[in-house]
Amino acid sequence: MSDQPQLGRRQALKFLAGAPLLPLGAMSTASLLSACGGSSTAATPAPVVANFIGADFTAMPAPSLANAAAMATTTVGSTLSVNFSDNSSQVYKLAYQPFFLTGDLVPNGSGGTILAGGYYDINNKPIIDKTVPGKERQFFSDSPDGTSLLSVANPTVTGIKGKAVFAVVQFEYTTWAQDGTTDMYGKLPSPIAVLTLDQDQATGKLSLVKYHNVDMSKVNGLWITCGASLSPWGTHLSSEEYEPDAFTISTNTQFKAYSTNLFGDENKANPYHYGHMPEITVNPDGTGTAKKHYCMGRLSHELVQVMPDNRTALMGDDATNGAIFIFVADKEKDLSSGSLYVAKIGAGFSIDPAAAGAPLTWIKLGSATSAEIENLANTLKPADIMEVATADPKDASFTKIYYSGKIQWIKIKPGMEKAAAFLETHRYAAYMGGSMALTKLEGTTVNAKDKVAYSALQNMQSSMVRGNAAWNEAFGVTLEKAVNAGAVLAHTLTGGQKDTAGAAINSEWVPTVTKTLLIGEDITADALGNTANPDKIGAPDNLKFSEKLRTLFIGEDSSYHVNNFLWAYNVDTKKLSRVASMPSGAESTGLSVVDDLNGWTYITSNFQHAGDWLGIHAIVKPTLDPLVRANYKDRFASAVGYLTADVSSLKLAKG
């Protein structure tokens, strides 16, 4: 029998100082207390603190039709082992805890309810789906995406028993109207909600207390909000991807529908108001305030990562003929003015992780304030900024560029360089010589200790592949064949850099070398229908890095895996572990990692469009479709939630 004193549960957890501690799930605490060497009896003096030294994820297998139910929901079969300096460890069996399904009625904080994921027009009135006569209902999203988990000083929300924490959740789009045939992609203004969560201080469990829909009327509504990140100063940095082409807007039926749903007028929405970087500030009362930063470039903003200097932002660009962009703010913790740069990729780009990588140099596109670019957006028409030709004008005053998979010729109007840089960023970056080589450059994140940033290439196709109509060898990226399964890039971050004109870049966090970290593998379809190796990443999208866990988390948006996965990659051990599986047909979204929120560690995870059946699902669809429909409101709903443990939220401390 051990003579170690019996510890109270809270004391046992506090003894685990420095380690990640996951929130408690619904199961008993027996295994946790056993691992801690104690019980729930009264406290006695704590033993010597054992310091956290590392953590390791044990992978789960990919689900199969042998357990069809697991393929039709969010399935977590992994574990996390937290290791300490006294050679002890704490093992957490991981699980998934949703806050809600979209389409649920959830508390609004004032005694009533509100529709989770619901859509609102510019006057904050519900937008109604009338496609099934007699069953009219408010539109709600099946595609929640970027999520930030945070705390706010001196919260004032009532009804909190533990501590108030907040989540900001954005809803990218809804796939179909309720008739099941009317395509709604990009036709509704994306909502963002602030969730007030009650954090149980004994277990770390988060319970929804209040759902608040953020007023977007002052920012002209939001367009296709995809990935997101938490700024170092505690705000939610959103996104507007696939900026609508202002030169073809008169024939853009999607944008006209968006304008109709937002303003009640198909011609009122201004394309130059979309494709920017929104920022959401959470207020102590659980509401939120929105603003848009017009000076960070109008491009396919997927996800922005602000570096530890509080000024340098690396941006995803989810486009064909996209590029690597950075923005350097003039002031810390203030993205309302600064300078925009595009990368030029030098020789050596390779998809071989053993290769040295390619150097990056930076072309300055311009400096501006958000206010001045917003004013230009309000007043300029596309033809005021540049001329665009889709056939060779045989005029030397035009410059040939590659734009969205095609060749164009452009001519900047005199004095319109700044407007072009910030409102026609893709075209101007190509005009200035940027490497417009990449396809679907998605999530970004940073490993601050090693000064390495990571970017996800969901696919490596078209503009990256020799001979493709969108490919240009001068861009510095040439693949001999496409890699549909994609890759994760690692960028070395350095200070003391100058742009290509010789001017200093005022940042110590500039990417200077890019190389491949992880790569997927295309395969001939397997027995389930996977066309990418299910034991490797497939179409990586969401990325987040945990400094404490030394782990890069990767969420997939794949048309090549029958189930998309959430992965954990330890950058020290190089171990890749499958952590969770999304419902078949769904994309893994909403990824965020908070190492320490009142002592607990959280990994948020959502998914989009469960049962969005593609050709690869032909084998599994007959079995899984009825299960997915039963789980997720006939496929109209998706989950917003977080990873927990069967016995506890994650805590990286014996304390």
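Colleague: How many disulfides does a search of the whole structure find?

Modeller: This is a predicted model, and a disulfide would need a pair of cysteine sulfur atoms within 2.5 Å. With that cut-off, the number of disulfides found in a search of the whole structure is zero.

Colleague: Is Cys226 buried or exposed?

Modeller: A residue counts as buried when its relative accessible area is under 20%. Because the relative accessible area of Cys226 is 2%, Cys226 is buried.

Colleague: And what about Cys295, buried or exposed?

Modeller: The same cut-off of under 20% relative accessible area applies. Since the relative accessibility of Cys295 is 0%, this residue counts as buried.

Colleague: How many residues in the lining of the largest pocket are charged?

Modeller: Divided by class, the lining of the largest pocket has 12 nonpolar and 10 polar residues, and the number of charged residues is four.

Colleague: What is the volume of the largest cavity?

Modeller: The structure holds three cavities of 30 Å³ or more. Of the 15 residues that line the largest cavity, the closest to its centre are Tyr120, Asp121, Asn124, Val214 and Met216. The lining of this cavity has nine nonpolar, five polar and one charged residues, and the volume of the largest cavity is about 120 Å³.

Colleague: Why is strand 16 largely enclosed by the rest of the structure?

Modeller: Strand 16 covers residues 277-282, and a residue is called buried when its relative accessible area is under 20%. Strand 16 is largely enclosed because, of its six residues, the number that are buried is five.

Colleague: Which residue in the turn of the hairpin formed by strand 16 and strand 17 has a positive phi?

Modeller: Strand 16 pairs in the antiparallel sense with strand 15 (residues 236-237) over two bridges, where His236 stands opposite Ile280. Strand 16 also pairs in the antiparallel sense with strand 17 (residues 288-293), over six bridges, and here Met277 stands opposite His293. Strand 16 and strand 17 form a hairpin with five residues between them, and the residue in the turn with a positive phi, of about 85°, is Gly286.

How values were computed: Residues numbered from 1 in each chain as written. Predicted model: local features only at pLDDT ≥ 70, side-chain atom pairs only at ≥ 80, totals over all residues. Heavy atoms only, no water. Buried < 20%, exposed > 50% of the residue type's maximum accessible area, 1.4 Å probe, protein only. Nonpolar A, V, L, I, M, F, W, Y, C, P; charged D, E, K, R; others polar. 1 Å grid on protein atoms, 1.4 Å probe; cavity = no way out; pocket = protein on both sides within 12 Å on 5 of 7 lines; lining within 4 Å. Points joined across faces, edges and corners; volume = space filled by probe spheres on them. Helix = DSSP H or I, 4+ residues; strand = E, 2+ residues; numbered from the N terminus. Pairing = 2+ DSSP bridges.
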